[in-house]
Structure formats: structure tokens, C-alpha cells
Amino acid sequence: MRYLDPKADLTFKKIFGEHPDLVISLLNALLPLEPDEEIRSIEYLAPEQAPRTPTGKNSIVDVKCRDRVGRRFIVEMQMSWTTEFKRRVVFNAAKAYVNQLGKGEDYDLLHPVYSLNIVNDIFERDIDEFYHYYRLVHEKYTDRVIEGLHLVFVELPKFKPHTISEKKMMVLWLRFLTEINENTLVVPQEMLDDPNVNRAIEIVEESAFTPAEMAGYDKFWDDVSVEKTIINAYNRRYDMGRAEGLAEGEAKGRAEGEAKGRAEGRAEGRAEGEATAQQAIAMRMQVEGLPIDLIKKLTGIDVGAK
């Protein structure tokens with residue numbers, strides 16, 4: 001038996017975008033919900049479409065749904081971390097919150113929005129935890145909370161089942177997402193013993209996919225490979241530009257011989273170095289024939305602007 005990777009766009013949506021019981025199980029496992037807050041039923045909402053990107057991903061949100069009490073849930077699988085992804089998550093969650101009300105309706109009708117973002121990349125390199133939960137809290141009195149937006153990020157590469165004592169279903173779903181792929185020969189029995197995870201495993205059996213779906217699946221991984229190559233190249237050039245800017249700023253600061261001069265030199269050098277590096281990267285990407293939208297996404301520079 002050969003299995004497809006559930007993290008791919010096609011498989012992830014087939015599992016969690018077509019089977020309400022499975023997305024309910026995933027949400028209850030990974031969201032910070034108390035037992036009396038667990039989701040009992042959901043209805044899918046049509047995800048808002050965005051122009052097709054160079055990475056082949058043509059919808060901003062993978063799965064969007066709400067439960068019987070009105071709470072909204074957004075689920076997204078992200079393969080690579082980029083600087084604007086977190087902003088996009090905030091934007092989508094805020095938009096889902098605002099779109100609950102029609103013109104003139106009362107604010108009491110608003111319900112919380114939960115955004116679950118599973119990332120197959122590491123973005124918090126100085127934090128050991130793989131699970132990150134954000135909400136609106138008082139800066140000093142963190143028990144004072146403004147209800148509304150709940151943002152959860154999961155870094156899959158950091159997840160190690162033997163190092164955590166989380167609830168059973170969280171471990172099972174994260175093991176499913178990290179362990180099941182084309183190289184899987186034997187599925188762990190504990191996954192098969194849970195009916196929801198077992199069903200998800202059956203869904204990703206290669207025999208369940210048409211030739212056209214398999215072609216789309218293969219193309220997805222090709223696009224992911226291209227995107228990672230571009231992002232890695234950008235990060236290397238950015239780091240080089242930043243280092244050059246810091247060196248130039250420190251030299252200027254030392255020449256001035258004052259603490260103020262050193263601080264100003266570092267800031268100016270860093271800014272100039274980063275800006276120069278980004279401009280050089282953007283120009284090189286344009287020469288290589290990359291789409292202008294992708295260049296702007298990665299560098300923040302609009303090479304098409306006059």
C-alpha cells in the first residue's frame with residue numbers, strides 16, 4: 001500500500017475539507033478549547049479565492065467552517081514560512097470576524113474566530129515549543145482578555161511525540177501529518193486504532209486518486225521545491241546584505257568615536273545594507289524571469305513600479 005503525504009494541498013483539503021467529522025477532530029485536538037467548548041458539529045463555508053500564485057496555491061484559506069453556536073474556524077496548511085504569512089493569517093482572521101455582521105447589525109452577534117495554521121517549517125528559532133497561541137491580552141495583566149481572535153501556529157518540524165505530554169488526539173493528528181507519506185511502509189497501530197485517524201489514512205491511499213489528481217499532487221511538490229529554492233536564495237542574500245550593512249555601520253560608528261555615532265552608524269548601515277541587498281536581489285530575480293508578484297512577495301520591492 002502506498003500513501004500520499006497529507007500535507008499536500010490536494011490531500012489536506014480532501015481529508016479536512018470534505019469530511020466534517022475529521023476536521024472537528026483536528027480542531028478539538030489542536031485548538032485551546034476547554035472540554036465544554038469543544039466543537040460538536042460544523043458546516044463548511046466557501047473559501048475566498050485569490051489569484052493563482054507561482055507556488056500553485058490558488059486559495060488563501062484551505063478550510064473554512066463554523067459551528068452551531070456561530071464560531072468561525074480557519075484551517076491552513078503552509079509548507080514554507082515567509083515574512084508576510086503571519087500578516088496574512090491576521091488579515092484573514094480579522095476579515096472572517098468582520099464579515100459576520102451585515103450593515104446595521106448589532107456587535108453582540110459577533111462570535112470568536114479561531115485560525116489554526118499548521119506550518120511545515122521552523123520560524124521561531126529561539127523558542128523550543130512547537131505550539132504557539134496568540135490572542136488579545138492586557139500587556140501587564142495577562143488574565144484580562146479581549147475575546148475575538150484566536151491564532152494558533154504549529155511548527156511541524158519541532159514536533160516530537162516522546163517529548164511532550166499533550167492530549168492523545170493532538171499527538172495522533174500531528175504524528176499523522178509528520179509520519180505518513182510516500183515512504184510509509186507500516187502504519188503505527190495506535191493510528192489505526194483511532195477511527196478518525198484511520199479514516200484519514202484510508203483517504204490518502206494512492207489508489208483513491210485519479211491520474212489527474214496524481215499529476216496535480218506531483219506538481220504541488222515541484223512548486224514547493226521551487227519556492228523553497230527561491231526563499232533560501234533570498235535569505236542567504238539578505239543575511240549577506242545585513243552583515244555588510246552592520247560592518248559598515250560599526251566602522252562608521254568607531255570612526256566618530258562616540259556612542260551616539262556608533263548607534264547611528266549601525267542603524268544607518270544596517271538599513272542601507274538591507275535595502276541595497278533587497279534591491280539587488282529583486283533586480284536579479286527580475287533578470288531571471290521571476291514573476292513580479294513573487295518578487296514583491298519575497299523582497300517587498302515592486303520592480304514593476306515606475
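**Note on the predicted model**

1. Asn 196 is partly exposed, at 23% relative accessibility. The scale runs as follows: buried is under 20% relative accessible area, exposed is over 50%, and partly exposed is in between, with a 1.4 Å probe and protein chains only. Asn 196 sits in helix α6. Helices (H or I, at least four residues) and strands (E, at least two) are DSSP runs, numbered from the N terminus. Beyond four places in sequence, Asn 196 contacts Asp 21, Leu 22, Ser 25 and Trp 173; contact means heavy atoms within 4.5 Å.

2. A word on the basis. This is a predicted model, in which local features need pLDDT of at least 70 and side-chain atom pairs count only at pLDDT 80 or more, while totals for chains, interfaces and linings use all residues. Residues are numbered from 1 along each chain as its sequence is written, and side-chain values use heavy atoms, with hydrogens and water left out.

3. Now the overall picture. The protein has nine helices and six strands. It has 306 residues, and 42% of them count as buried. Take the contacts with a separation of 6 or more: 62% of them join residues 24 or more positions apart.

4. Val 197 is also in helix α6. Is Val 197 buried or exposed? Its relative accessible area is 0%, so Val 197 is buried. Setting aside neighbours within four places, Val 197 is in contact with Met 169, Leu 172, Trp 173, Phe 176 and Met 191. Val 197 and Leu 22 are 175 residues apart along the chain, yet their C-alpha atoms are separated by 7.9 Å.

5. How do α4 and α6 pack? Axes are lines fitted to C-alpha atoms, for helices over the stretch in contact, and angles run from 0 to 180 degrees between N-to-C directions. Angles under 35 degrees count as roughly parallel, over 145 as roughly antiparallel, 65 to 115 as roughly perpendicular and the rest as oblique. Helix α4 (residues 168-179) meets helix α6 (residues 195-203) at an angle of about 10°, with the axes 10 Å apart. The two helices are therefore roughly parallel. On the α4 side the contact uses Met 169, Leu 172, Trp 173 and Phe 176; on the α6 side, Asn 196, Val 197, Ala 200 and Ile 201. By class, that gives seven nonpolar residues, one polar and no charged. Here Ala, Val, Leu, Ile, Met, Phe, Trp, Tyr, Cys and Pro are nonpolar, Asp, Glu, Lys and Arg are charged, and the others, Gly among them, are polar. As a general point, an α-helix has 3.6 residues a turn, so residues three or four places apart point the same way.

6. Next, the aromatic rings. Rings of Phe, Tyr and Trp (its six-membered ring) pair if their centres lie within 6.5 Å; planes under 30 degrees apart are stacked, over 60 edge-to-face, and the rest tilted. The whole structure holds 14 aromatic pairs. One of them, Phe 73 with Tyr 114, is stacked, at 5.6 Å centre to centre and 20° between the planes. Phe 73 is in strand β3 (residues 72-78) and Tyr 114 in strand β4 (residues 113-119), so the pair links distant parts of the chain, 41 residues apart. Both Phe 73 and Tyr 114 are buried.

7. A further pair joins two loops. The ring centres of Trp 81 and Phe 123 are 3.9 Å apart with planes at 15°, so this pair is stacked. Trp 81 lies in the loop between β3 and α3 (85-98), and Phe 123 in the loop between β4 and β5 (131-137), so parts 42 residues apart in sequence are tied together. Trp 81 is buried at 18% relative accessible area; Phe 123 is buried at 13%. Trp 81, Phe 85, Phe 123, Tyr 134 and Phe 153 form one aromatic cluster.

8. Charges over rings deserve a look. The test is NZ of Lys or CZ of Arg within 6 Å of the ring centre and within 35 degrees of the ring normal. Lys 86 lies over the face of Phe 153, 5.9 Å from the ring centre. Arg 144 lies over the face of Tyr 141, at 5.7 Å.

9. Helix α1 (residues 9-16) is mostly covered, with six of its eight residues buried. These are Asp 9, Thr 11, Phe 12, Lys 14, Ile 15 and Phe 16.

10. Last, two loop residues. Pro 32 lies between α2 (20-30) and β1 (42-44) and is partly exposed at 27%. Asn 183, in the loop between α4 and α5 (189-193), is exposed at 65%.
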